[in-house]
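Biologist: I'd like to learn how to read a model like this one. Could you show me the structure and start with the ligand?

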Amino acid sequence: MTDTCTVDPREFRNALGAFTTGVTIVTTCDAAGRDVGLTVNSFNSVSLEPPLVLWSLARSSASLAAFVEAEYFAVHILGARQEALSNLFARRGADKFAGIELERGQGGVPLLDGCAARFECRTAYRHEGGDHEIFVGEVLNFEHFDRPPLVFQKGGYAVAVKTPAAKPAPPVDASAPESSISRDALVYLLGSAHAMLLSKMRPELRARGLDDDDYFVLNVLAAGQPRSVAELDALMAYAARHVSAEQVRSLASRGLVLCSGEGDALRASLSEPGRRTMLELAAVSKAVEEDALQQIDFSEAHLLRHLLKRVIRNTAQGVPALWSSHSSKSIGRSTA
Ligand SMILES: Cc1cc2nc3c(=O)[nH]c(=O)nc-3n(C[C@H](O)[C@H](O)[C@H](O)COP(=O)(O)O)c2cc1C
């Protein structure tokens, strides 16, 4: 090659990182019958007739000899939930196949489960490609599954979400009351979503003799520490709700809350029956959430949660930590 431009490797990597790819794991067996594999995003399609695919392997890879000698290899296009597997197979020297359930393909090549698509290939050609070896595989067999793919962009994992033009959002209920707030305003959309989710939980709350305020208090107490009435009231104030000693005592009289102290020193914590009730309601909340996420695929739901957390973080200045944190015990995990 002549006129090769000299590049700053980091800049070159950064520029290449603008090209969004899927993530694959390519596997084979070495001459001794040992399973070999690594994470690869240089995979691409080459030809439909005959069916050919390619990928490139760093000459420095510990797997080079195995792939050069092997007649067959398999390419697994990873699903959105396989980030950990991708990291494992990107680690040199790791015991990559330990404890992983495998099937066997052409030539005994290890086949992984849980991916979005899988191609069994015979090495058709190999080409020198600078510091990489390019493998072109003839596809002998392939499968694809209804799973969203894992995506790699700018040096990090991502999920693929269809653009609104490709998947238009249906209009929201036209019977919603007229108001000056645009139906696209976040305050309208988030408020409506919250109200709808809570309305689906209400029958289960009522069946347990609980109203919305009780549920909010129990949710706060389920986060762990005992709270005074004043603390509960301060936490609820952000949701325009108020907590009284009377309400806390009423929950105690129903066995859901334990009280200690009197007057200003009154503190409430969740009782064992209260904890069981909250576990049941967590299952109800999960079912309501699953119902609400119908026809919203994994990647979209992941993005929705991520964006909502950012909106909460951006608006949470001065708000008690319980509302803005997202520990698994916090109220933020429930539909409340
Ligand atoms: C998302 C991602 C994509 C990668 N793509 C490639 C690739 O296309 N070719 C390659 O040789 N290494 C690639 N790697 C790096 C290898 O997975 C990594 O160097 C691995 O340790 C090689 O394993 P081995 O040395 O045991 O063969 C990639 C790593 C990641 C995380």
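Modeller: A residue is near a molecule if one of its heavy atoms lies within 4 Å of it. Here 18 residues surround the ligand, and the closest are Thr39, Ser42, Ala58, Ser61 and Ser63. Bear in mind that this is a predicted model: local features need pLDDT of at least 70, side-chain atom pairs count only at pLDDT 80 or more, and totals for chains, interfaces and linings use all residues. Residues are numbered from 1 along each chain as its sequence is written, and side-chain values use heavy atoms, with hydrogens and water left out.

Biologist: Which side chains have a polar atom by an oxygen atom of the ligand, and at what distance?

Modeller: A polar contact is a pair of N or O atoms within 3.5 Å; within protein, one must be able to donate a hydrogen and the other to accept it, and residues adjacent in sequence count only if both atoms are side-chain atoms. Ser61 has a polar side-chain atom 2.6 Å from a ligand oxygen, and for Ser63 the distance is 2.4 Å.

Biologist: How much of the ligand does the protein cover?

Modeller: Accessible areas come from the Shrake-Rupley method with a 1.4 Å probe; for residues, only the protein chains shown count as cover. On its own the ligand has 640 Å² of accessible area, and the protein covers 80% of that.

Biologist: Is Ser61 itself buried or exposed?

Modeller: Buried means under 20% relative accessible area, exposed over 50%, and partly exposed in between (1.4 Å probe, protein chains only). Ser61 has 15%, so it is buried. Its side chain also reaches the backbone nitrogen of Ser63 at 2.9 Å.

Biologist: What about backbone angles?

Modeller: Most residues other than glycine have a negative phi, and most peptide bonds are trans. Lys154 has a positive phi of about 50° although it is not a glycine, and Gln295 likewise has a positive phi, of about 60°. Lys154 is exposed because its relative accessible area is 65%; Gln295 is exposed as well, at 73%.

Biologist: Which two residues does a cis peptide bond join?

Modeller: Glu49 and Pro50, with omega at about 0°.
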